[in-house]
Amino acid sequence: MSPTAGAAASPFRSAPGAVRPEWIDHNGHLNLAYYIVLFDLATDAFWPTLGLGAAYRETGFATFAVEAHTLYLAELLEGDETVADSVVVDADAKRLHVAHELLRVRDGAVAARQELMYLTVNQATRRSVPWPEAVAGRLLSARTHYAALRPPWVGRRVSMPVKQA
């Protein structure tokens, strides 16, 4: 769903895709690198709804990922179909915080979660710049649209539990 004024908040859902045989590792399941590929495909599907697709790149701007955090929660096997639910977590003058949840279609299990931070970049200078006005408005609208859907797992950090003496 594209974020629109007055529409009920729901995540953007990607089209289904299947786990390819060449993505399977020596453990017989989806290699961790290909979860990232699936999330990148989800981003590619989500971007046009935010004004960040091919038309955005044609204006000389792009988005660059500067941070990512992935949680691997359930195995995906060869042929498993997946979809991704995506939301805007936050946005400001130059940054966009996005969260994806990868679902296994056959049983609805959450296979993985990913949050990412993006910058908008001028392709000519390769430097971060503020969002163009029209895109900034869309991102702020999307931030409001998805606010009630902020996943509780966003903002986790990688760490070992502190051992009690």
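**Entry 1: salt bridges**

I began with Arg106 and Asp80, whose side chains form a salt bridge with an N to O distance of 3.0 Å. I took a salt bridge to be a side-chain nitrogen of Lys or Arg within 4 Å of a carboxyl oxygen of Asp or Glu. Arg106 sits in the loop between E5 and strand E6 (110–122), and Asp80 in the loop between strand E3 (61–72) and E4, so the pair links distant parts of the chain, 26 residues apart. Helices (H or I, at least four residues) and strands (E, at least two) are DSSP runs numbered from the N terminus.

The model is predicted: local features need pLDDT of at least 70 and side-chain atom pairs pLDDT 80 or more, whereas totals for chains, interfaces and linings use all residues. Residues are numbered from 1 along each chain as its sequence is written, and side-chain values use heavy atoms, with hydrogens and water left out.

I then looked up accessibility, with buried meaning under 20% relative accessible area, exposed over 50% and partly exposed in between (1.4 Å probe, protein chains only). Arg106 is exposed at 55%, whereas Asp80 is buried at 8%.

I noted a salt bridge between Asp92 and Arg95, at 2.4 Å from N to O. Asp92 is partly exposed at 31%, and Arg95 is partly exposed at 42%. Shared partners join the salt bridges of Asp80, Arg104, Arg106 and Asp107 into one network.

Over the whole structure I recorded seven salt bridges. One of them pairs Arg13 with Asp85, the closest N and O atoms being 2.7 Å apart. Arg13 belongs to strand E1 (residues 12–13) and Asp85 to strand E4, so this pair ties together parts 72 residues apart in sequence. Arg13 is partly exposed at 45%, and Asp85 is buried at 12%.

**Entry 2: pockets**

I searched for pockets on a 1 Å grid over the protein atoms alone; a pocket is an open set of points where a 1.4 Å probe fits, with protein on both sides within 12 Å along at least five of seven lines, and lining residues have an atom within 4 Å of a point. Volume is the space filled by probe spheres set on the points, which are joined across faces, edges and corners.

The second largest pocket has a volume of about 150 Å³. Asp85 is one of its lining residues, and others include Pro11, His100, Arg113 and Trp153. E4 and strand E5 (95–104) are the elements that each give two or more residues to this lining. E5 contributes the most, with three residues. I counted the lining by class as seven nonpolar, one polar and three charged residues, taking Ala, Val, Leu, Ile, Met, Phe, Trp, Tyr, Cys and Pro as nonpolar, Asp, Glu, Lys and Arg as charged, and the others, Gly among them, as polar.

The largest pocket holds about 180 Å³. Its lining has 15 residues, with Ala15, Pro16, Gly17, Leu38 and Leu41 nearest its centre. H1 gives the largest share of that lining, four residues. By class I noted eleven nonpolar, three polar and one charged.

**Entry 3: aromatic pairs**

I paired rings of Phe, Tyr and Trp (its six-membered ring) with centres within 6.5 Å; planes under 30 degrees apart count as stacked, over 60 as edge-to-face and the rest as tilted. The count is eight aromatic pairs. Trp23 and Tyr34 are stacked, because their ring centres lie 5.2 Å apart and their planes are at 15 degrees. Trp23 is in the loop between strand E2 (17–18) and helix H1 (32–46), and Tyr34 is in helix H1, eleven residues apart. Trp23 is buried at 6%, whereas Tyr34 is partly exposed at 27%. I also noted a cluster of Phe12, Phe46, Trp47, Tyr118 and Tyr146, linked by ring pairs.
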